[in-house]
Amino acid sequence: MDFLTSSTHLHITTWFIGIILFLIGAIKPNKGLHMALRLFYILIIITGGALFIEAMDYGQGMNYGIKLILGILVISMMEMVLVRQSKGKSATAFWILFVIFLFLTLFYGFKLPMGMNFLA
């Protein structure tokens, strides 16, 4: 269970830093920051994938699969917002979808057994 705790903390750390980088990049666009954020997308997916594989051993694969899909949608919306803003196009719809998917992912993730259980 020690591995699960450290994997969960690593995953939370990566997405927390990723969201901060995203918000900074959305406020003040910067190509280097956007590339660093893309690295964090990969780290988020790797750490989330590791949690998904562990969840399969505990019979929670479907629940974590749903969270995995929601997480990928969050990352997709983050990328769409930054790309649309860099091209000078409206990103309002993607901002709304980002907020909705982020809320759903956080809510669902914290309710899962390997989550922090803030919402118990």
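Student: How many aromatic pairs does the count come to?
Tutor: The count comes to five aromatic pairs, in what is a predicted model. Among them, Trp95 and Phe98 sit edge-to-face, 6.0 Å centre to centre with 85° between the planes.

Student: Why are Trp95 and Phe98 separated by about one helical turn?
Tutor: Because they are three residues apart in helix α4.

Student: Buried or exposed, what does Phe98 count as?
Tutor: Phe98 counts as buried, because its relative accessibility is 4% and the cut-off for buried is under 20%. Trp95 has 26% relative accessibility, so it counts as partly exposed.

Student: Which residues do ring pairs link into a cluster with Phe98?
Tutor: Phe22 and Trp95.

Student: And Phe103 with Phe107, what are they in?
Tutor: Both lie in helix α4, four residues apart, about one turn of the helix. Phe103 is exposed at 55% relative accessibility, while Phe107 is partly exposed at 40%.

Student: Which residues make the nonpolar surface patch?
Tutor: Ile96, Leu97, Ile100, Phe103, Leu104 and Phe107 make the patch, which covers about 540 Å². Leu97 lies in helix α4, residues 92–111, and counts as partly exposed because its relative accessibility is 33%.

Student: Changing topic: which residues does UniProt list for "transmembrane region"?
Tutor: The unreviewed UniProt entry lists residues 6–27, 39–58, 64–83 and 90–110.

Student: What is the helix share over residues 90–110?
Tutor: That span is 90% helix and 0% strand, and its end C-alpha atoms lie 32 Å apart. Residues 39–58 are 95% helix and 0% strand, with 29 Å between the end C-alpha atoms.

Terms used. Residues numbered from 1 in each chain as written. Predicted model: local features only at pLDDT ≥ 70, side-chain atom pairs only at ≥ 80, totals over all residues. Heavy atoms only, no water. UniProt positions renumbered as here; feature names shortened; annotations may be inferred. Helix = DSSP H or I, 4+ residues; strand = E, 2+ residues; numbered from the N terminus. Patch = residues over 30% accessible without salt bridge, like charges linked within 9 Å, V, L, I, M, F, W, Y side chains within 5 Å. Areas by Shrake-Rupley, 256 points an atom, 1.4 Å probe, with all protein chains shown as cover. Salt bridge = Lys/Arg side-chain N within 4 Å of Asp/Glu carboxyl O. Buried < 20%, exposed > 50% of the residue type's maximum accessible area, 1.4 Å probe, protein only. Phe/Tyr/Trp six-rings, centres within 6.5 Å; stacked < 30°, edge-to-face > 60°.
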